[in-house]
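Subject: Structure handover

Hello,

Please find the structure below. My notes on its salt bridges follow.

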Amino acid sequence: MRKHYLLLVLLLVTMSGAFALAPDEPLRFSDDQVATSLDLLEKLGSKHYSSRPVDNALSRDFLDHYLDALDPARLYFLAGDISEFKRRWQTSLDDALKQGDLTPGFDIFNRYRTRALDRLEKNLALLANDEPFDMTVDESFTVDPDDKEWLGDPARLDDYWRKRVKNTYLRLLLADKEPEEARELLVKRFKSQLKRIKSMDSQDAFQLYMNAFTTLYDPHTTYFSPRQLENFTISMSLSLEGIGAVLQVDEENTKVVRIVPGGPADKQGGLSPSDLIVGVAEGDAPMQDVVGWQLDDVVDLIRGPKGTTVRLEIIPAKGEYAGVNREISIVRDQVKLEEQAAKSRVIELDKDGETYKVGVIDIPAFYIDFDAFNRRDPNFKSTTRDVAKLVSELKAQKVDGLIIDLRNNGGGSLHEATTLTDLFITPGPVVQIRYSNQMISRQNRSRSAPLYDGPLLVLINRLSASASEIFAGAIQDYGRGLVVGTQSFGKGTVQALLPLPEGQLKLTESKFYRVSGESTQHRGVVPDIELPSLYNIDEIGESSEDNALPWDKIHGIPVKKHAEWKPLLPELTKRHEKRVVQDPDYVHLVDEITYQENERQQTSVSLNLDKRRQEMAARELSLLAIENKRRVAKGQEPYTDVEAWKKDGGVTGTEEEEFVAEDSEEKDIPLQDDPLLKEAGAILVDAIDVVEERKSRMADSRN
């Protein structure tokens with residue numbers, strides 16, 4: 001999918017834009033922007049982890065990337081525009097950049113602005129009638145973003161836009177909006193987009209152009225304009241109130257990438273990765289449509305004082321109302337260090353008439369209070385200190401094994417990833433870091449005897465990234481325990497901020513490598529036993545991003561392994577596969593994932609209102625059938641119809657679900673609602689059993 005990547009945590013503040021020129025006056029670049037582009041080019045060439053020649057091949061990629069950044073869904077430019085741009089600049093953008101000539105970037109941006117303003121005026125004209133669309137006509141709309149081309153015939157583009165606007169109008173009707181209300185909302189949306197495009201300034205154009213260039217090197221190398229730099233600085237401090245989510249621009253929409261552990265959205269529920277945010281409202285105020293807005297403007301609306309409520313209109317990515325607008329409310333708050341703290345629980349699992357106690361330590365992030373640490377405060381807070389205390393408590397409870405749950409842990413402090421590993425392995429290197437000059441550092445080491453040396457399992461998923469991958473990879477390489485779950489994110493690079501005449505450059509300067517020599521970049525950590533993924537691996541993860549640095553390998557470091565798990569994996573996998581087909585909750589999860597995957601394969605939708613309602617009803621019946629299959633397998637009465645299911649909280653976004661979400665802060669999620677954790681525990685119990693059987697056989701053979 002074509003995306004313009006721009007990740008921001010919703011705990012940041014945004015400054016007002018610079019003064020823009022009149023909309024009919026072309027934007028022009030400044031001398032400071034010329035100096036910035038030349039300095040940026042020099043730093044990329046001398047300091048980026050991977051070198052790339054600035055030549056004709058890069059020029060072609062640069063042009064394509066810039067056009068995709070401006071018009072990712074190919075909604076505005078005509079095929080004639082693209083042909084002209086390629087004829088003029090396909091092999092000369094590199095030369096222009098070396099000379100500090102930003103003319104191509106600004107000429108293309110000005111054409112984009114002209115096309116977008118013209119299109120928005122046409123959309124408003126389309127909606128001028130009280131009844132703009134015939135909802136009884138049998139026609140369809142293509143929703144596959146990878147199946148778009150630059151259209152050369154303006155009439156074809158007009159027809160595509162008619163269907164696009166009609167589809168949005170239809171979705172609003174399905175979300176129980178009256179026809180006039182839906183029409184007025186779309187009119188407000190396009191007027192708002194007109195205003196915003198007219199207000200775009202040279203800083204917007206320059207930032208887009210430079211980022212189209214920097215992200216050719218890798219997706220994490222980014223140019224920050226002066227106002228965006230302040231956003232980034234504040235987001236890194238986690239100091240301001242918001243909802244706690246990571247967003248990106250996806251075509252005209254704002255897309256949720258990740259929910260920040262311990263944040264308001266995480267605690268209150270209702271918002272999930274891949275959901276689209278299309279409206280924002282403050283408290284009881286009218287909903288503000290944000291389709292087509294710049295990301296930092298959406299952030300500015302969502303951010304607000306602690307304790308206040310923000311309402312979001314979202315298009316859920318999955319569930320009963322996938323693709324249909326829904327509204328949720330979130331009370332703003334800070335993402336506090338203590339709310340991201342590790343926590344523990346004990347789960348009990350029965351096997352062959354025997355009950356096993358398994359300790360679970362959930363680690364949402366790798367955190368450390370650097371201020372307290374630097375002040376030599378003996379009580380400074382960190383992941384390692386918290387986990388060490390929890391491990392000691394669980395050992396006192398005589399647990400039979402331990403699960404480290406790193407699901408949705410996006411990383412954090414490298415220092416903490418190293419010291420946490422130190423709690424579980426014998427002294428030795430934890431991670432290797434290779435810099436752009438090819439020098440390799442092995443200074444991040446475990447230095448103490450393990451605090452816990454009992455049975456261990458690490459649970460990961462697609463959102464386990466960076467420091468999580470360092471920890472999981474080290475546990476796997478040392479044979480210290482099993483790694484179970486889904487292939488992790490694959491973020492194995494390190495960035496540094498470098499000053500520029502205007503703004504700063506976030507540049508990738510090094511890569512992480514495991515002690516085995518394998519990079520965590522791109523491929524991530526592959527689990528020993530794989531569990532179903534709740535997230536689409538093709539859309540989420542490093543491998544889904546354009547120009548991600550590749551996986552590679554350097555020399556490994558010989559280490560003394562705690563155990564060798566590979567010979568035991570066939571038996572553990574056989575037991576796992578036999579068990580899960582008999583677990584109603586696990587089967588239900590697999591059925592839901594399969595259903596959502598089939599839904600994602602849909603490339604077009606009907607624009608006939610009655611047919612769409614029938615499709616929506618059929619979707620509800622399909623999900624009801626999946627739920628009833630589970631209930632019957634568990635000996636429960638199936639729901640008689642969809643209404644009975646809804647009344648019992650089967651549909652997302654209900655008041656009952658919100659009450660449970662608020663009340664769940666003090667409670668552990670029941671195992672039946674987390675079949676992946678339950679199965680991870682069963683695998684760990686199997687591992688304990690298999691190891692004991694192996695020891696018994698070896699003892700018998702010696703006798």
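**Salt bridges**

D107 is partly exposed, at 31% relative accessible area (buried is under 20%, exposed over 50%, partly exposed in between, with a 1.4 Å probe and protein chains only). R88 is also partly exposed, at 38%. The two side chains form a salt bridge with an N to O distance of 3.8 Å; the term means a side-chain nitrogen of Lys or Arg within 4 Å of a carboxyl oxygen of Asp or Glu. Because D107 sits in helix α5 (residues 103–126) and R88 in helix α3 (residues 79–89), the pair ties together parts 19 residues apart in sequence. Helices (H or I, at least four residues) and strands (E, at least two) are DSSP runs, numbered from the N terminus.

This is a predicted model: local features need pLDDT of at least 70, side-chain atom pairs count only at pLDDT 80 or more, and totals for chains, interfaces and linings use all residues. Residues are numbered from 1 along each chain as its sequence is written, and side-chain values use heavy atoms, leaving out hydrogens and water.

The search of the whole structure gave 50 salt bridges. In one of them, K351 pairs with D686, with the closest N and O atoms 3.2 Å apart. K351 belongs to strand β10 (residues 343–351) and D686 to helix α21 (residues 675–702), so this pair ties together parts 335 residues apart in sequence. K351 is buried at 18%, and D686 is buried at 2%.

E571 and R575 meet at 2.8 Å, N to O, and both lie in helix α16 (residues 569–580), four residues apart. A network of salt bridges links residues including K351, D686, E571 and R575.

Regards
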